[in-house]
Amino acid sequence: MREVINDIERWRKAGKRVAIARVVDVEGSGPRDPGATMVVNDAGEVAGSVSGGCVEGAVLMEALSVLEGTRQPGVITFGYSDDEAFAVGLTCGGTLHLFIEELNW
Amino acid sequence: MALATLIEGPADTPNLLPGAKLLIRPGLPAMGSLGDAELDRVVARDSEGELASGLTSTRHYGAHGEAREEAVRIFVESFAPPPRMVIFGAVDFTAALVRAAKLLGYRVTVCDARPVFATTQRFPLADDVVNDWPDRHLSVVGPSLGASDVICVLTHDPKFDVPAIVSAVATNAGYIGAMGSRKTTDKRNVRLREAGLTDEQVERVMGPIGIDIGARTPEETAISIVAEIIALRTGRPVASLRDTDGALHRR
């Protein structure tokens with residue numbers, strides 16, 4: 001999370017609302033470890049990353065849904081091995097669990 | 001400190017909501033709540049353990065913190081202070097090594113007894129530039145160094161590097177490397193034994209410092225040093241210059 005702190009501060013000072021997605025679990029091969037963080041503001045700007053660029057586009061859409069109030073905070077899973085997986089997958093074959101929420105703390 | 005977030009709870013339990021947070025600070029009372037006092041207590045206790053090892057992971061508990069149950073999932077993120085690199089010797093190689101170390105997230109100290117060379121102007125990226133003798137500096141910071149911290153001795157001058165290495169092996173630093181040619185290294189190892197170091201202590205020192213990639217410039221040498229530091233931490237076999245023979249640089 002440390003690497004995106006400056007962006008969060010800058011956005012909040014500018015009056016923007018922020019959603020945060022953090023990797024909470026990785027099964028199999030994954031590009032980033034638990035704790036990897038991506039933040040999105042209500043203008044659609046992005047900082048940080050949670051994979052090697054494979055799922056960031058989908059995370060952006062989910063993050064905007066959280067800020068619009070159409071999605072509750074919760075876990076999203078990316079990967080081929082999961083039945084409920086999103087259409088977006090990881091080319092490395094691993095499964096990635098993210099927790100996404102509005103940053104109101 | 002560690003930040004615990006409830007990421008999944010039982011649907012029928014309105015007090016355990018995804019996003020609930022508990023901030024754990026060693027030796028201080030926890031702040032916030034995950035929604036259940038007993039769950040808070042158990043997670044705070046477990047997180048202090050995770051914090052000590054710098055772990056970030058997801059754990060499972062029962063609704064009141066019971067072990068071996070899966071009703072709630074808690075993500076615990078540890079915020080440990082960055083690892084430290086102490087570099088002795090304010091030389092050209094030092095400037096490149098400071099840059100490589102900052103890329104990897106180290107808090108970097110450059111220490112040299114010569115005030116003309118140990119200046120913040122020469123090492124703008126270093127977190128600290130210290131004007132002192134290596135052994136004296138290590139008598140201050142040495143006891144706080146741990147397995148994720150590293151010491152690089154780049155002085156390659158027996159006047160400085162023997163006392164620096166003698167002090168370095170008294171610390172718990174995870175990596176100690178010393179620069180110098182094969183001839184310099186052999187001579188230094190003799191002096192280190194004369195100074196009272198055991199074979200085991202001398203073998204702890206990676207010297208010549210770095211892995212065998214034919215590095216020539218200060219920048220290439222810095223990469224070979226940080227690569228050796230990573231490999232030693234992960235336990236992967238690499239050709240350290242200490243264990244190979246032949247020329248250090250490609251001719």
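Modeller: What follows covers the interface and then a single side chain.
Modeller: This is a predicted model, in which local features need pLDDT of at least 70 and side-chain atom pairs count only at pLDDT 80 or more, while totals for chains, interfaces and linings use all residues. Residues are numbered from 1 along each chain as its sequence is written, chains are lettered from A and ligands numbered from 1 in the order in which they are written, and side-chain values use heavy atoms, with hydrogens and water left out.

Biologist: What area is buried between chain A and chain B?
Modeller: About 1,200 Å², with carbon and sulfur atoms giving 59%; buried area is the accessible area (1.4 Å probe) that two parts lose on being put together, summed over both. A:Arg2, A:Arg22 and A:Val24 supply 37% of what chain A buries against chain B, more than any other three residues.

Biologist: How many salt bridges are there between chain A and chain B?
Modeller: Two, counting a side-chain nitrogen of Lys or Arg within 4 Å of a carboxyl oxygen of Asp or Glu. One salt bridge joins B:Lys21 and A:Glu101 through their side chains, at 2.7 Å from N to O.

Biologist: Turning to A:Asn41, is it buried or exposed?
Modeller: A:Asn41 is buried, at 0% relative accessible area (buried is under 20%, exposed over 50%, partly exposed in between; 1.4 Å probe, protein chains only).

Biologist: And which residue does its side chain meet in a polar contact?
Modeller: The side chain of A:Asn41 meets that of A:Glu45 at 2.9 Å.

Technical notes. A polar contact is a pair of N or O atoms within 3.5 Å; within protein, one must be able to donate a hydrogen and the other to accept it, and residues adjacent in sequence count only if both atoms are side-chain atoms.
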